[in-house]
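Subject: Structure handover

Dear colleague,

Please find the structure below. My notes on what was found in it follow.

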Amino acid sequence: MDKHGGLPPGVLEPRQAVLRMAPYSPPTGGRADKLRLDFNENTVGASPRVIEFLKANLTEAQLTVYPEYTEAKRDLAAHFKVDAEDFILTNGTDEAIQVLINTYVDDNDEVITLAPSYAMYRFYAEVAGARVREIPYRPGTLAFPFDELMAAITPETRAVLIANPNNPTGSGTSRVNLEQILEKASDAAVLVDEAYYEFCGVTLLPLLNDYPNLFVSRTFSKVYGMAAMRVGCLFSQSGNVEFLHKAQSPYSVNMVGALAARAAVQDGEYIYKYVTEVLAARELLYVGLEELNIDYYPSQANFVLFQAGERAIPIRDELRRRGVLVRDRSYEIAGCVRVTVGTREQVRRFLAELKEIW
Ligand SMILES: Cc1ncc(COP(=O)(O)O)c(C=O)c1O
């Protein structure tokens with residue numbers, strides 16, 4: 001062993017917090033030509049108005065200028081019915097989580113997350129050197145563990161990170177429950193990540209002025225079909241937003257993303273139609289799984305976890321061979337595979353392939 005405790009020669013020793021982390025490497029290639037039911041993206045595409053707007057508004061000269069956000073903030077504020085001072089634009093939800101943690105969490109501070117949930121909560125908390133306390137979703141039902149979470153919150157808690165509805169369980173919780181959590185965790189930053197809001201309709205955005213510890217994130221990666229753009233928003237009271245600004249790099253959202261977001265919120269009808277299609281497709285998926293006698297967890301989002309038992313990984317691999325991508329989750333919920341719900345036609349294709357290999 002060398003003096004750096006086992007690091008290969010020539011490798012500079014990183015911080016202990018980074019050394020302790022488990023590597024996280026989601027697939028980043030080879031997905032474009034397949035039926036992508038693995039990342040909960042919009043499976044059809046962004047509104048055509050987004051591309052039209054980009055074509056009409058992008059100029060060579062603009063590319064030379066560092067991004068300016070005044071117009072994007074004005075249009076998004078109007079869309080979300082908040083003031084421009086009540087949010088920051090972020091490079092996806094991921095940067096929202098990172099900025100929130102950088103603003104409020106020090107080394108060894110306690111951060112509470114639920115498990116299983118979106119991997120980036122633990123990721124950024126660990127990078128920051130926080131102590132992560134995970135509260136499990138209820139075994140068997142995967143229901144939101146409200147009482148357990150309330151019991152875990154103490155004056156020591158610096159942040160509570162909740163996805164509502166949650167990925168990968170699909171479970172959500174009520175506004176009333178979230179308000180009780182905000183009251184109990186009054187000294188902590190409470191993030192309610194509403195990445196899948198459009199599929200369930202529960203939001204805390206209207207409560208921003210009631211809770212100084214409330215932070216809400218939204219993303220353009222899911223229903224808006226713009227995951228490649230990396231745009232999101234982090235909302236809070238304006239006094240908090242000033243500190244979020246201080247802890248954020250000034251140009252982390254690129255100009256094309258900011259333009260695209262402006263166009264995306266103009267086409268509410270497109271979003272409404274897509275959500276309606278997904279909700280119909282989710283019912284079709286439930287029926288198809290029931291016909292195959294496959295257990296699943298009813299979901300409030302655009303994805304469903306189903307029980308593949310011992311065959312979770314072989315089923316994922318065989319579906320991939322047939323051009324259909326789904327996500328193995330058996331490493332965190334025994335036997336489970338997660339499938340994104342797209343259109344009814346896509347669900348039919350998925351069910352047909354599954355039926356052949358089941
Ligand atoms: C709960 C949740 N939040 C956020 C994200 C990612 O958001 P973004 O692409 O905005 O970083 C995901 C993606 O899977 C998610 O499941």
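Pro165 sits in the loop that runs from strand E5 (157-163) to helix H8 (175-184); helices (H or I, at least four residues) and strands (E, at least two) are DSSP runs, numbered from the N terminus. The peptide bond from Asn164 to Pro165 is cis, and its omega is near 0 degrees. Pro168 belongs to the loop between E5 and H8, and a cis peptide bond with omega of about 10 degrees joins Asn167 to Pro168.

On conventions: this is a predicted model, in which local features need pLDDT of at least 70 and side-chain atom pairs count only at pLDDT 80 or more, while totals for chains, interfaces and linings use all residues. Residues are numbered from 1 along each chain as its sequence is written, and side-chain values use heavy atoms, with hydrogens and water left out.

Backbone and burial

Lys81, in the loop between H4 and strand E2 (87-90), has a positive phi of about 60 degrees although it is not a glycine. At 74% relative accessibility Lys81 is exposed; the classes are buried under 20% relative accessible area, exposed over 50% and partly exposed in between (1.4 Å probe, protein chains only). Asn108 also has a positive phi, near 70 degrees, in a residue other than glycine. Its place is the loop between H5 and strand E3 (110-115), and Asn108 is exposed at 52%.

Ile101 lies in helix H5 (residues 92-104) and is buried, with a relative accessible area of 0%. Its C-alpha atom is 9.7 Å from that of Val127, 26 residues apart along the chain.

Gln248 is in the loop between helix H10 (238-246) and H11 and is buried at 12% relative accessible area. The side chain of Gln248 reaches the backbone oxygen of Leu89 at 2.9 Å.

Aromatic rings

Rings of Phe, Tyr and Trp (its six-membered ring) pair if their centres lie within 6.5 Å; planes under 30 degrees apart count as stacked, over 60 as edge-to-face and the rest as tilted. By this rule there are 11 aromatic pairs. One of them is Tyr118 with Tyr121, edge-to-face at 5.7 Å centre to centre and 85 degrees between the planes. Tyr118 is partly exposed at 27% relative accessibility, whereas Tyr121 is buried at 1%. Tyr137 and Phe144 have ring centres 6.1 Å apart and planes at 75 degrees, so this pair is edge-to-face; both residues are buried. Ring pairs also link Phe80, Phe87 and Phe235 into a cluster.

Arg218 lies over the face of Tyr197, 3.9 Å from the ring centre, and the charged end of Arg311 is over the ring of Trp358, 5.2 Å from its centre.

Second largest pocket

A pocket here is an open set of points on a 1 Å grid over the protein atoms alone, where a 1.4 Å probe fits, with protein on both sides within 12 Å along at least five of seven lines; lining residues have an atom within 4 Å of a point. The second largest pocket holds about 260 Å³ of space. It is lined by 14 residues, and the closest to its centre are Gln62, Glu68, Glu71, Met255 and Leu259. Helix H4 (70-80) and helix H11 (255-264) each supply at least two lining residues, and H11 gives the most, with 4.

Regards

Methods
A charge sits over a ring if NZ of Lys or CZ of Arg is within 6 Å of the ring centre and within 35 degrees of the ring normal. Grid points are joined across faces, edges and corners, and a volume is the space filled by probe spheres set on the points. A polar contact is a pair of N or O atoms within 3.5 Å; within protein, one must be able to donate a hydrogen and the other to accept it, and residues adjacent in sequence count only if both atoms are side-chain atoms.
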